[in-house]
Amino acid sequence: SLDFCLNSKVKTLWGSFELSNTQLSKIMIQQLCGESMDGNPELFNKASECFDKLDMKFMNFAGSTPVDQVIEAMELAVYNWDVRNILLDNLQFMTADFNAVDR
């Protein structure tokens, strides 16, 4: 999905229900770099600059989140930012605290 956003220039919305956006961004920057950035701040800065240029937005949800809120966030992203690619990662965390009646 990071490659798709990078190579196709498609506006992307990412929703991770397991990781914080900070953790997810760090992982994505590492993937974008393609090598270890430990002890190499110049490499991190270069990869971060490239990451900042991606047309990617992030949902601000973590853990259990009502489905209606997620759908509303997706609709707003499509309307406000013309998002065309939406990724929902680790849905089992989104529904973890819901009981069987809510599903």
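Author: Buried means under 20% relative accessible area, exposed over 50%, and partly exposed in between, with a 1.4 Å probe and protein chains only. The model is predicted, so local features need pLDDT of at least 70 and side-chain atom pairs count only at pLDDT 80 or more, while totals for chains, interfaces and linings use all residues. Residues are numbered from 1 along each chain as its sequence is written, and side-chain values use heavy atoms, leaving out hydrogens and water.

Reader: Is R84 buried or exposed?

Author: The side chain of R84 meets that of D82 in a salt bridge, at 2.5 Å from N to O, where a salt bridge is a side-chain nitrogen of Lys or Arg within 4 Å of a carboxyl oxygen of Asp or Glu. D82 is partly exposed, with a relative accessible area of 35%. For R84 the relative accessibility is 57%, and R84 therefore counts as exposed.

Reader: How many disulfides does a search of the whole structure find?

Author: A disulfide is a pair of cysteine sulfur atoms within 2.5 Å. The cysteine sulfur closest to that of C50 belongs to C33 and is 9.8 Å away, which is too far for a bond. For the whole structure, the number of disulfides found is zero.

Reader: Which residues of α3 make the contact with α2?

Author: Contact means heavy atoms within 4.5 Å, and helices are DSSP runs of H or I with at least four residues, numbered from the N terminus. From α2, the contact is made by S25, M28, I29, L32 and C33. From α3, the residues are L43, F44, A47, S48, C50 and F51.

Key:
Helices (H or I, at least four residues) and strands (E, at least two) are DSSP runs, numbered from the N terminus.
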